[in-house]
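Keep the structure open beside you as you read.

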Amino acid sequence: MNKQHLMSRRQFLKTTLTASAALLPATSVLAGSASAPARVQSEITIITSGWPLTPMPTAEEIEADKARAGYAEALQSWMDENPGVTFQQVEVNIWDQQAIVTAISGGTAPTYVFPTSIGGWSNAGARNAFIQGLMADVGPAVEKFGLIAKLTPGALAGWQPINQIEDGYMSYPIDSGMNVYYFRRDLLAELGIEEPPMDWTWDDLMNLAKALTSEADGRQGLGALVWVAGSTINDNGFDLLSNVPTPQNGWNWSKDTSDPRWGELLTAYRKLVFEDKAVYSDISYTSENLVNAFANGAIGMYQENVLGAFGSAAQEGSIAALAQRLNKPYEEVVGFRGMPRGANGYLSNPIYVGGVAIGPDTNAETLDKALSAVDYMFLGAGWDIQKAGQYAATQDLKAVFNYPLPIDGKYTYEGVPGAFEDAWGQRTKDDILYYAGLPKAPDEALYMPLEQNPGPDGQAFEDAWSTISYVADSVDPVAVLNQAQDTWNSQAAGFSSSVDDAAFIAGAKAYYEALDAFWKDASPEFYESTFKPWYDSKVLPALG
Amino acid sequence: MAERTIPGGTTDEVAQAEPVEAAPLRLSRRSRIEKWMFLIPAALFQLVWGWFPLVFAFALSFTDARVRGPISFIGTQSYTRMWGDPLLGEAFRITFIYAAMSIVLTFVIPILVAILLMEMPQRVMRWMMLLWFLPLSGIASTILWKYMYNPEYGLMQGIVRLLGLPEQRFLNDPNLVLFWLIFPGILLFGPGLIYMAALQGIPSSYYEAAEVEGASFWRKIWTISLPRLRPVISMMLTFAIIGSLQEFYWPQIMTNGGPGSASRTVVMYLYNLWGNLRFGDSTTVAIFLFAIIMVITVIYRTFYKEDPDA
């Protein structure tokens with residue numbers, strides 16, 4: 001080897017330093033010249049994880065899903081009016097609390113975020129997160145785009161009280177949804193079983209699950225994720241009745257799971273899972289597994305948000321695709337029921353108005369454009385352009401009418417012949433409106449003072465639902481619940497609230513008085529048998 | 001018995017040789033500057049990405065840290081709170097069991113397998129190495145294993161049925177979930193390839209000499225293979241201890257810590273706390289874990305002898 005071609009350590013160092021020094025100005029010039037035109041072309045970048053808006057679809061994406069043509073047309077019309085704005089897609093799971101909070105704290109969150117996931121899937125948590133600065137104030141856009149006038153009275157009532165916080169707004173509304181149980185109506189007809197009543201109970205649900213279970217057909221009656229175990233008692237008022245105000249403690253709440261009915265209900269659910277084998281359930285399952293299992297006939301019933309259940313038959317795994325495969329009208333194949341009523345008369349209406357929040361690092365100009373796009377695409381002219389374009393590209397009403405609870409009340413769109421009921425059936429629409437119109441209990445978030453400090457989370461109870469759902473060995477649900485209660489209370493002892501006792505007691509009194517009035521009217525049975533005795537014995541003494 | 005020889009003379013001659021005192025190395029000023037120029041990038045990297053986060057996390061654990069707004073010093077509140085948190089105690093218990101099982105099953109077994117494989121014909125050995133070298137996506141393999149562990153239709157249940165064993169609940173069984181999470185690591189052979197590479201570096205003359213001496217198979221392993229592997233074992237064990245105590249990825253994807261809390265590790269709990277906006281508590285747990293790993297590693301490094309001839 002020619003030694004002249006080898007570089008000594010010293011030569012290498014010299015060369016590197018010299019080259020770096022020489023290149024530094026050159027790279028600066030290049031960087032400057034490269035970024036200069038970029039600034040001209042794109043002054044504002046809206047970063048999205050794909051929700052609620054995606055960047056402009058490519059020709060290939062439109063070819064793969066023709067309904068995207070309408071979206072592309074609408075977005076292009078907005079971009080024509082807003083030159084210099086680009087959308088950039090990033091991979092962040094905005095539906096995962098840990099992932100999105102990590103992204104926000106690291107300064108890498110997208111422009112659009114979902115408030116409830118940041119707040120641990122509760123309105124109170126989302127509001128606390130907002131005042132802790134995890135979301136930007138969208139108030140200026142609410143005023144600028146005349147939002148209030150665009151919403152139906154029901155949607156406004158569902159959105160404004162939760163989202164208006166102090167002088168600002170937490171999110172900009174785009175849709176409304178609620179969870180329901182979908183079941184195979186065609187199988188019930190085949191088996192000669194009557195459909196459950198509209199105001200069904202958990203007993204009805206469990207009987208239906210057993211009836212739909214067939215080992216010969218490889219089908220289980222109910223598909224369930226871990227939280228369904230909690231639903232069995234939450235649908236009987238567990239969330240409300242296990243939460244006791246304790247203003248004398250550092251943390252103002254404690255858990256009380258001593259009511260014996262919780263153990264009985266959970267034992268009945270475990271029997272359904274492990275003895276009747278009527279529940280399709282495994283620790284590794286996600287909601288996708290259930291959607292696919294329902295679409296391919298492996299389960300006869302499962303819980304799903306109405307927002308996710310109205311995809312067109314062109315979408316693989318959609319309920320409409322199942323009906324098409326069976327060559328039957330959608331309404332004949334699938335029916336749904338709202339949350340089951342409790343045996344004690346408790347009823348829950350999970351309807352909500354969903355909104356998009358903006359990441360806290362977003363500047364005012366980007367916030368304005370980001371919400372201008374949202375307003376245009378969901379509540380403005382862009383919505384009709386999308387829908388007309390979707391219909392023109394697919395000629396499929398199911399691809400167009402996929403929002404069953406429009407917050408602006410529009411069930412028909414300009415340029416689309418037909419309406420929601422033409423796509424999905426009158427009965428489907430009537431049933432949705434029936435459940436959406438059920439009374440809704442007052443939300444704690446509207447009465448209690450905002451909490452600045454973090455408190456104990458729901459991990460102890462999530463562990464309990466997991467044990468009850470998956471552990472086949474002898475498990476005593478009462479012991480599991482008691483352990484969760486003790487763990488939670490032990491954790492709570494380490495926290496202190498930012499709310500002073502007087503403010504807490506005033507808020508709590510107003511909240512429970514509202515609940516007292518609500519239950520007296522909405523469910524006298526629950527009020528007399530359960531709420532009133534509990535209110536008198538646990539709440540009133542605690543609040544003095 | 002013939003005296004064993006090593007290059008440079010007999011063992012006795014080497015042992016009796018006078019130690020040569022090394023002259024102190026004096027570097028010129030220019031060389032010293034150069035030395036620092038080479039060191040600075042690595043030192044900066046270590047400071048920025050290693051020590052700064054550690055110090056920052058330590059400071060954060062004494063505050064009510066939040067994303068926006070003023071941060072207050074709260075003393076040892078987070079330490080007191082987390083010390084009394086039953087779920088954290090449980091997470092540490094799970095993590096220690098997981099680490100112990102993981103080290104026994106995916107660290108010790110590969111050493112034995114690697115040694116035994118060295119006895120196989122070269123062709124077989126090459127095939128085995130090729131199979132283990134096949135790149136596997138981590139995410140893809142977790143998804144695959146989720147299906148394989150399904151108690152209804154998974155491949156593993158099929159094997160269990162074929163063998164006439166009682167049906168398993170796999171990841172749904174709180175008593176065995178940790179084993180089933182570690183099990184793929186046994187099949188994937190873990191660090192076995194590194195041991196095989198190290199074993200191939202041992203001169204065959206050592207084994208030939210031992211055979212001439214009449215050493216048995218096990219005697220050769222005990223006196224030649226294992227001592228020569230010591231430096232590699234030492235390094236790999238350090239990584240294994242740290243890695244297993246920081247386990248996150250597999251249980252997070254496969255079980256999300258369940259059933260109950262049966263597979264929730266400390267890092268998973270820490271991550272949950274962070275997501276629940278408990279930044280001070282989360283960093284406190286990180287400090288606890290750091291201290292424990294540090295103590296275990298120091299104790300182990302103090303008592304473990306790396307020198308093959310020691």
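In which sense do β6(A) and strand β14 (residues 352–358) of chain A pair, and over how many bridges? Their pairing is antiparallel and runs over five bridges. Strands and helices here are DSSP runs, numbered from the N terminus: strands are E runs of at least two residues, and helices are H or I runs of at least four. Two strands count as paired if DSSP finds at least two bridges between them.

Before going on, please note that this is a predicted model: local features need pLDDT of at least 70, side-chain atom pairs count only at pLDDT 80 or more, and totals for chains, interfaces and linings use all residues. Residues are numbered from 1 along each chain as its sequence is written, while chains are lettered from A and ligands numbered from 1 in the order in which they are written.

Back to the sheet. It is open, has three strands in the order β3-β14-β6 (chain A), and its pairing is antiparallel. At the edges lie β3 (112–113) and β6 (172–177) of chain A, each pairing on one side only. If you want a residue pair to look at, S176(A) has V353(A) as its bridge partner in β14(A). Helix α9 (residues 153–163) of chain A packs on this sheet, where it touches β6 and β14 of chain A, and its direction makes about 45° with that of β14(A). Such angles run from 0 to 180 degrees between N-to-C directions, and axes are lines fitted to C-alpha atoms, for helices over the stretch in contact. Touching, or being in contact, means that the C-beta atoms of two residues, placed from the backbone, lie within 7 Å.

Now look at a pair of helices in chain A. Two packed helices are described by the angle between their axes and the distance between the axes. For helix α18 (residues 364–379) of chain A and helix α19 (residues 381–394) of chain A, the axes come within 4 Å and cross at roughly 50°. That angle makes α18(A) oblique to α19(A); angles under 35 degrees count as roughly parallel, over 145 as roughly antiparallel, 65 to 115 as roughly perpendicular, and the rest as oblique. On the α18(A) side, Y376(A), M377(A), F378(A) and L379(A) meet A381(A), G382(A), W383(A) and Q386(A) of α19(A). By class, this contact of α18(A) with α19(A) has six nonpolar, two polar and no charged residues. Here Ala, Val, Leu, Ile, Met, Phe, Trp, Tyr, Cys and Pro count as nonpolar, Asp, Glu, Lys and Arg as charged, and the others, Gly among them, as polar.

Stepping back, chain A is divided into domain 1 (3–41), domain 2 (47–174 + 351–436) and domain 3 (179–235 + 260–337), with bounds from an automatic or database domain assignment. The centres of domain 2 and domain 3 of chain A, taken over C-alpha atoms, are separated by 29 Å. Their contact takes 16 residues from domain 2 of chain A and twelve residues from domain 3 of chain A. On the domain 2 side, α22(A) gives the most, with six residues.

Finally, turn to where the chains meet. Chain A brings 31 residues to the contact and chain B brings 33 residues. In chain A, α1 (9–41), α4 (97–105), α23 (459–470) and α24 (477–492) each supply at least two residues of the side that touches chain B. That side of chain A has twelve nonpolar, 15 polar and four charged residues.
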